[in-house]
Amino acid sequence: MTAGRRLALGGAVLAAPVAWAAQLVIGYSVEEGGCSVADPQIAGADVANVAGVVSLVALALALGGGVTALLLLRRRDASGDPRGSVHFLAGAAAMAAVIFSILIVFGGVATLVLDPCSAG
Amino acid sequence: MTTLEHRAAPPLTREPAWWGMLLLIATEAALFALLLASYFYTKFQTEGPWPPDGIADPKLAKPIVMTVLLMLSSIPAYLAERNARRGDQRGLVLALLATLLLGSAFLALQIWEYTEKADLFTPRTNAYGSLFYTITGLHGAHVVAGLVLLLWTLAFALRGAFTAERHLAVQNVSLYWHFVHGVWLFVFVSLYLLPSL
Amino acid sequence: MTVVDTTRLRRSWAEPAGVVSWFATVDHKRIGTRYMVTALTFFFLGGLEAAAMRAQLARADSRILSPEAYDQLFSMHGITMIFLFVTPMLSGFGNYVVPLQLGARDMAFPKLNALGYWIFLGAGVFMYSGLVLGKAPDVGWFNYVPLASSQFDSGPNIDFYGLGLIFLGISTTAGAVNFIVTILKLRAPGMSLNRIPLFCWAVLGTSFAILFAIPALTAASALLELDRLFGFHFFDLSAGGDPVLWQHLFWIFGHPDVYIIFLPAVGIVSTVVPTFARRPMVAYTWVALSTMMIAFLGFGVWVHHMFAVGLPQLTITFFAAASLVIAIPSGVQVFAWLATLVGGRPVLKTPLLYVLGFLLVFVIGGVTGVMFAVIPFDQQVTDTYFVVAHFHYVLFGGAVFPILAGIHYWLPKISGRMPSEGLGQLSFWLVFTGFNLGFFPMHISGLLGMPRRVYTYPGDMGWGTLNLLSTIGAYVLAIGLVVVAVNIVLTYVRGEPAGDDPWGAPTLEWATSSPPPPYNFASVPIVRSATPLWDESSHPTNVTLAEGHQTTETSLLEGDPQRALHMPSESLVPLAFAVALALVFVGLIFETWWIAIVAGALAALALGAWHWPVGREREA
């Protein structure tokens, strides 16, 4: 397997979970910080905007991982994958991209509808 | 093992113990991340200025010097591993010594810093004090552990125990030291830099 | 089958008989068995606590137990079952089975493995010494502040919890590191990622979750102990602290911990199902990935334990989304098991019976779990017996049924003898009936308003009959577990010899004798599929690696052999290090600092000795 393919494979596997983790951590901290009683520097609207942009970037990253995974699956190179482990990982990456994209969309839609700083 | 399929080994394969050290570092990094998250959580829950209760903003001069010392110390830590791989015994000893010196200087500055801080507040003053001393103290404990490991490795390096092929202890100490350095950057930014801005 | 001369292997791998060797062993099979025996002992103690509580609750206005004793019993019951039984039991299976399934000769770090066991034993004894002193933890297993702060609970009770869990966390973390490196680096040649047995995938996912979840528990406990022992203020509202911080830290650990408990159990199910359905697992890739994904997503759901705390709406949606989506990989696994069973020719032996019991009970637990998502319902039943019923269906159904399946499945390998099928089936029906009779009525008593953690109740509440039923069920369940124990003992005493592979199973642990020799495999096996024993082309090689303690190290992705790895021999140092660490915690609990400091120095010396001989064998 070439270094390029190895890199693409690693990126495809990691992209979606990392994107979701980033959305969760950044979104949560922005809100926890921005809406806190102590630190009114960021207003509610900004919190929603920041969280929305973060969600969009995360979605792009997760989908990018999915597309890379599909490309790797289509260009199956038997000589570089004697035991099918590359195919296995690419398949795993494609599935991860689907599930984490759903997750990111679920979280992201909320930033459009909900008033960010009201207590639930 | 010639009967086994696909025998060609990649050029640099890390030993299992190196992976073990990496995983230990991952779990320790999670511990620091959670403590820093607790710090920010408490900060956000506090009304009024931060640091609270009239504690002055942290002064930056000493912490900046400490940061520079620790950043510099990663260079000889890297060189120690490189020299060991080249079988350069003298270079290995010198690099370990340099790392030790820079690390010790950091520790000395931190003790000095503590003696000054203790006049302003202690861990029992309030939650800010508890968090400040717990986080910096835990990092300090990691520095001490790193220095002990460096001394240990140095003692064996002086006896010529490491070869170009096998110098796992050097690799692991070097990796650990980079971690101690990396964590400090987060501690410095969170506890010193942000409150002073 | 190549015949190899095993005398040299036996000479370098067999540990001498005797007391010293008993304390010094680093053999993963001996350590794994010890983990299981110790965990089952704690299961017995936790069961006794439950039996005492059920005796108390069998009728109204009972005074068998004082409120103080009852508080300690329900706290210790939870702590025992979660921390001292389920997780160590599954580590025991992992220790015994994982190296065998991978075709390795031991875990990657055998001495660290021994250390993990000794620390687990020490931490368990440490926490139980609180109960012996009548000062056990008494505010429940999740130990919320401020109730757990020294202001409201001044004795050493909570310190046994906080310090004990920090101590135990070292063992769990060491085990996780060991499993990850073993599974990634010590596989048989040819065992690429897509051929790893599903049980090993489950252990791998669990271990990664442990690596990032245990620090949260350690942090929470350490901050609590700093508050309690040294007057710090992390959770003290009057000095700028915040009690909700405890809840965050605890559930960052606590929810992933549900999956840490559940995943290896699921791994056992994925092992038993294909063997007894007599066909390879359907959708192997999906099940393997689902395992890893559940471990990862488990970290995104902790806030759902805190919906009642008053957090911002947006925060809640981020976490609610993860709580919903985690159902996808869980569902994938359930359908894969069903498809495997339907598409195969199932043989209804005891292990498979317990797996079917797991599926049924766990589905009921899942249904009541979904009911909590209806917020008004959640608020109605929170802290009632409905919740007790729900999590026993999830934990007993999700973990104990698979553990019982695993015991009956691997006992022939461990003991070399077959357990009695008749006693096995009898135990299943007793456990299954007793469990449902014991816990189903709790749903109803909960709906009727009976709060959890009350030591007794007045007679006019109408809860008497239901509680009597629960108590009878609990005792039937206990009888079922006694039958399991009797069956295990009888297997050793007079079971039929099992042979290498009594179930006709597909994975490598069945490719060696029962019980396995100290070196596991006489020669290095080669793997060409995920079910090597059902596959003509996977076979042992003539490579024996007989020069000293050696096993093969292979590459992470493809399982290409890289080199012969030298493994350490038995050593007393792990035990010495564990004892020194235990003394540190003893010093802390009695607030006698010099003991803690001296013991800490001894621990450092032991670590020095651990790494002393610079040579080929100096690594853990």
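**Walking through chains A, B and C**

Let's start in a loop: C:Asp383 sits between helix 13 (375–381) and helix 14 of chain C. Helices here are DSSP runs of H or I with at least four residues, strands are runs of E with at least two, and both are numbered from the N terminus. Before going on, keep in mind that this is a predicted model, in which local features need pLDDT of at least 70, side-chain atom pairs count only at pLDDT 80 or more, and totals for chains, interfaces and linings use all residues. Residues are numbered from 1 along each chain as its sequence is written, while chains are lettered from A and ligands numbered from 1 in the order in which they are written.

Back to C:Asp383. Its phi is near 60 degrees, a positive value in a residue other than glycine. C:Asp383 counts as exposed, with 11 other C-beta atoms within 10 Å. The cut-offs are these: with C-beta atoms placed from the backbone, a residue is buried if 20 or more other C-beta atoms lie within 10 Å of its own, exposed if 12 or fewer, and partly exposed in between. C:Asp61 is another non-glycine residue with a positive phi, of about 50 degrees. You'll find C:Asp61 in the loop between helix 3 (28–57) and helix 4 (67–102) of chain C, and with 9 other C-beta atoms within 10 Å, C:Asp61 is exposed.

While we're in the loops, look for the cis peptide bonds. One joins C:Val145 and C:Pro146, with omega about 0 degrees, and C:Pro146 belongs to the loop between helix 5 and helix 6 of chain C. Another joins C:Ser514 and C:Pro515, with omega about -10 degrees. C:Pro515 lies in the loop between helix 16 and strand 1 (550–554) of chain C.

Now for some helix packing. Helix 14 (residues 385–415) and helix 16 (residues 464–494) of chain C have axes that come within 11 Å and cross at roughly 10 degrees. That makes helix 14 of chain C roughly parallel to helix 16 of chain C. The axes are lines fitted to C-alpha atoms, for helices over the stretch in contact, and angles run from 0 to 180 degrees between N-to-C directions. Angles under 35 degrees count as roughly parallel, over 145 as roughly antiparallel, 65 to 115 as roughly perpendicular and the rest as oblique. From helix 14 of chain C, C:Leu404, C:Leu411 and C:Ser415 meet C:Val484, C:Ile488, C:Thr491 and C:Tyr492 of helix 16 of chain C. Contact means that the C-beta atoms of two residues, placed from the backbone, lie within 7 Å. By class, the contact of these two helices has 5 nonpolar, 2 polar and no charged residues. The classes count Ala, Val, Leu, Ile, Met, Phe, Trp, Tyr, Cys and Pro as nonpolar, Asp, Glu, Lys and Arg as charged, and the others, Gly among them, as polar.

Helix 18 (residues 593–610) of chain C has 18 residues that should span 26 Å at 1.5 Å a residue, and its end C-alpha atoms are 25 Å apart, which agrees. The expected span is 1.5 Å times one less than the number of residues. The buried residues of helix 18 of chain C are C:Ala599, C:Ala606 and C:Trp610. Seen down the axis, they fall within an arc of 45 degrees, so they line one face of helix 18 of chain C; the arc is that of the directions from the helix axis to the C-beta atoms. Their cover includes helix 5 (110–132) and helix 17 (573–589) of chain C. On the other side of helix 18 of chain C, C:Trp593, C:Trp594, C:Ile597, C:Ala601 and C:Gly608 are exposed.

How does chain C meet its neighbours? On the chain A side, 26 residues of chain C are in contact with 31 residues of chain A. Helix 9 (284–297) and helix 10 (313–325) of chain C each supply at least two residues of that side, and helix 10 of chain C brings the largest share, 10 residues. By class, this side of chain C has 16 nonpolar, 9 polar and 1 charged residues. On the chain B side, 41 residues of chain C are in contact with 36 residues of chain B. Two or more residues come from each of helix 6 (157–185), helix 7 (198–230), helix 8 (244–277) and strand 2 (561–566) of chain C, and helix 7 of chain C gives the most, with 8 residues.

Finally, chain A has 3 helices and 0 strands. Of its 120 residues, 46% count as buried.
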